[in-house]
Amino acid sequence: MAKKLGKKARKFAKKNLPSVMKRQRKLNSMFKKKSAPRRLKVSNEVFLEESNKSKNVQQTHGDREGMILDEAVYNNDLGDLFHQDDYDLDEDVSVSDGYISEDPECPYISESEDEICSEEKSGDAPILLQNREIYQEIAKQKRKLDKLCVKDPQFSKFLESRRSDLHKSKSEEIYSDEEGDANSADDDGIRESETSLSGKVLTSSTLDVWCWMVMEQPNSSTLSSLLYGFRAACHYGVDSDEVSQQKIANREVFSKLLTFVLQEAHGIFCRLLGISGSMNKENMLKTTKKSEWKSVRPLIKSYLRSSLFLLNQEMDNQILMFVISQLRLSIMFFAAFPSLAKRLIKRSIHLWATGDENLSACSFFIIRDIASKFSSDYFDICLMRTYRAFIANCKFMDPVNLKHIKFLMHSIVEIYSLDIQKSSQKVLVSVQQLASILRQALKIKKKEELKKIHSWQYINCISVWVEFVSCNYKNYDLQPLLVLIIEIIRGIAHLFSGPRYLPLRFKCVKILNQLSLSSGVFIPIASLLFDCLEHRGNINVDRTQRSHVDFSSLLKVPKQLLKSRDFHEESILTAIQLLSEHFSQWSYHISFPELTTIPLILLKRFHENTTLESVRRTVKRLMDQAQQNSEFIQRKRDEVSFSPEDQSSVDSFLQLDKNDKNAPFGRFYASIRHTSISQNMIH
């Protein structure tokens, strides 16, 4: 069994892997043959080995994931949880471009165009085949050298020294032969200029003819040329010198080409394959076994790869949304190309986490479709990478990005809820890591450890799993998760005391109320709130200083606001609102009179000591409504004949009244909630 990397090894890899990847890219460019007529990343290695690699990934994925989960529980860095090397998602991307060539017989309509002789292209075919074989052999040897470099660092140093000597010798040879090669260079320049002149120009008339031919006869060779032009359009302005000789006449042709292919490609492929109706996993498996699949497969791959390249460019969000919406129609075709599917996941998750509201929603639909329709391996990738992206983008909270963070939370809950049996284990690992971080902070209580707890990243991570448990607790057995999360929340509330941390404590109480409501488990929170009210003596209320305090974007109150009258009032009213929410959840329970006994005594004492008239009125009303509700429950209890040990009768107590909302406290809480929402005190 493979040995886990230690902490030092992981730090070394994180520090040095970028430079290693840079050297590998330089080696790839050195080994490429200039005589090959392919324009971009000339290789067919992955095209031949794609099916074998997908099998190897399935075999090794389980072992690698197990190592990651075992290590993550004891790792105090949230960013390392569910860590998966990004190179795994692109491991075979740069080896094969998967693009198709232009059909030389396709008609062009332009007076200034020069036709390329088909005999010249056919004469280059043996050379192209030979170059591919040479490159495959070189790539195989290169992989062996890379493995030796990883196993033996001394060999890597030796290889590096020999490479530097080779560069020196090459530069000397070039200098000595510079004069003798002048004439041959001139000849090469002439041939290159002739080749550049042979590039065809795609005009509007030509494109109209192609589009008509493709729609009339989808099995015609014109589709290859159309996709060839689509590829050039997707690469336009990025690496046009390496892609193709295809030239686009103007902006109108560029826009028309992209729009037509993106809108019509999926329908054309379905007609070529004889597919009707919606695509699913079973239909896609049958499609790949058809005889037509062999001829259509390169066309589909070229379209998907070009679209992904376009999706990776920085452009207007409306264009990105259009590309994503069209790719979503062909989402099942990605199942036949694992490397492209992983690239789509990576890009979609990035846009989901960083895009605006509409772009983020469109990207999420792609992620959800892949997670629900593809194999379990892709589901695991979506689970891990969405949570990692959420961790990276939830470090800060303000009124601007509050809505976006909420959307990311709900998106993760929806993805993880697709298969509770598989996702619950990953949720448990994440919650255990959060508990480990809290345990370390309680033990050491250093400033650095406390900052990890008192951060939006930590609070948002625990909040997303609270949402997950709240949505699925009634349908699945999530009792271990519920207990562990409650312990974490109460630990956070007790770790940070003082008036400056009141917003954090209020959030903890709100989370506990949410868990209690969704699970039906009684969670006492009155003591946490009355601790907040006890801080009133430490605050010197300045009646002249007025400033609004928004608890939704705060974890710690600035010092200059501690003496604010508004902060003092809003903190008390927030505590009363949360206590009212707690009472409202149990206002129909048979034990409500006992539940409110001690809180009413403490509320009465607080009412006598406070000097704020607005607060006194609210507290007095809360006490009166709680007392009336207690008397209402007591009268109903006197009418029943069952004992407290009859659990089924206790659970069904006042269910009809609960549906009708007849309890006195329900109306009071509705008014309190309406006031809090209007003032935006708690979100």
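What you're looking at is a predicted model, where local features need pLDDT of at least 70, side-chain atom pairs count only at pLDDT 80 or more, and totals for chains, interfaces and linings use all residues. Residues are numbered from 1 along each chain as its sequence is written, and side-chain values use heavy atoms, with hydrogens and water left out.

**The whole protein**

The protein has 31 helices and two strands; these are DSSP runs, numbered from the N terminus, with helices being H or I of at least four residues and strands E of at least two. Of the 683 residues, 48% are buried, meaning under 20% relative accessible area with a 1.4 Å probe and protein chains only (over 50% is exposed, in between is partly exposed). Take the contacts (heavy atoms within 4.5 Å) with a separation of 6 or more: 77% of them join residues 24 or more positions apart.

**Two helices on their own**

The expected span of a helix is 1.5 Å times one less than its number of residues. Here is how two helices do:

| Helix | Residues | Number of residues | Expected span | C-alpha span, end to end |
|---|---|---|---|---|
| α22 | 479-495 | 17 residues | 24 Å | 24 Å |

Among the buried residues of α22 are L481, I485, G491 and L495. The buried residues of α22 pack against α19, α20, α21, α23 and α24. In α28, the buried list includes V615, L622, Q625, N629 and F632.

**A helix pair**

Two packed helices are described by the angle between their axes and the distance between the axes. For α13 (residues 293-311) and α15 (residues 338-354), the angle is about 25° and the axes are 11 Å apart. Axes are lines fitted to C-alpha atoms, for helices over the stretch in contact, and angles run from 0 to 180 degrees between N-to-C directions. So α13 is roughly parallel to α15 (angles under 35 degrees count as roughly parallel, over 145 as roughly antiparallel, 65 to 115 as roughly perpendicular and the rest as oblique). Residues making the contact include K301 and L304 of α13, along with R343 and L351 of α15.

**One residue up close**

V464 sits in helix α21, and V464 counts as buried because its relative accessibility is 0%. Leaving aside neighbours within four places in sequence, V464 touches Y387, F390, M409, I412 and V413. V413 is 51 residues from V464 in sequence, yet their C-alpha atoms are 7.1 Å apart in space.
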